[in-house]
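Trainee: Please take me closely through a single helix of this chain. What covers its buried residues?

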Amino acid sequence: MAGSRIDKFSNIFARVEGMIRSGAMKYEDKPIWFNVYKAFPPKVNPTFTRKAPENQQVVNILYPEDLVRAKYYAVYGSKKSQEVVDLTEKETPTQCQRFVDKYFELKRSGRVSDEDLFRQAANYMRTQGFKLESEVEKKEQKELHNMAQEMFPS
């Protein structure tokens, strides 16, 4: 059996409105955006067949903290940090956010290269009790452990 193609001919507002009118959905169960869309409909009806403007450029939104955050996750990763995040507690920043905040605090305090800023922020986080280990550091520690076992077999 073929799937419904109604989404290509009608927008989501018209479908929800039709479900309310037919009784398939109660008015009390309507989506939160329904009244806003009804009060402020778009100038051009959004449908599947409408083509995107060709001359419009999509602006790439990238903030400086995004670059720091990306490097943090590349080096220390979310799986490697083993951080537990309580999503119900909005006041407590994540370990990554604390790192980013410290990075920019150090950046405002003086002229230091990005690499040194990253290293200094990581050292600060370690002194605060956060466990940050990069893959390179793990590999070095493993090599030192193997060397110690070779030198002092048990």
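Mentor: Take α6: what covers its buried residues includes α3 (64-75) and α5 (95-109), where contact means heavy atoms within 4.5 Å. This is a predicted model, in which local features need pLDDT of at least 70 and side-chain atom pairs count only at pLDDT 80 or more, while totals for chains, interfaces and linings use all residues. Residues are numbered from 1 along each chain as its sequence is written, and side-chain values use heavy atoms, with hydrogens and water left out.

The buried residues of α6 are L117, F118, A121, A122 and M125; buried means under 20% relative accessible area, with a 1.4 Å probe and protein chains only. Seen down the axis of α6, they fall within an arc of 130 degrees, so they line one face of the helix. The arc is taken from the directions from the helix axis to the C-beta atoms. An α-helix has 3.6 residues a turn, so residues three or four places apart point the same way.

Just after α6, G129 takes a positive phi of about 95 degrees.

As for the setting, the chain has seven helices and zero strands, with helices (H or I, at least four residues) and strands (E, at least two) being DSSP runs numbered from the N terminus. Of the 154 residues in the chain, 18% are buried.

Conventions:
Buried < 20%, exposed > 50% of the residue type's maximum accessible area, 1.4 Å probe, protein only.
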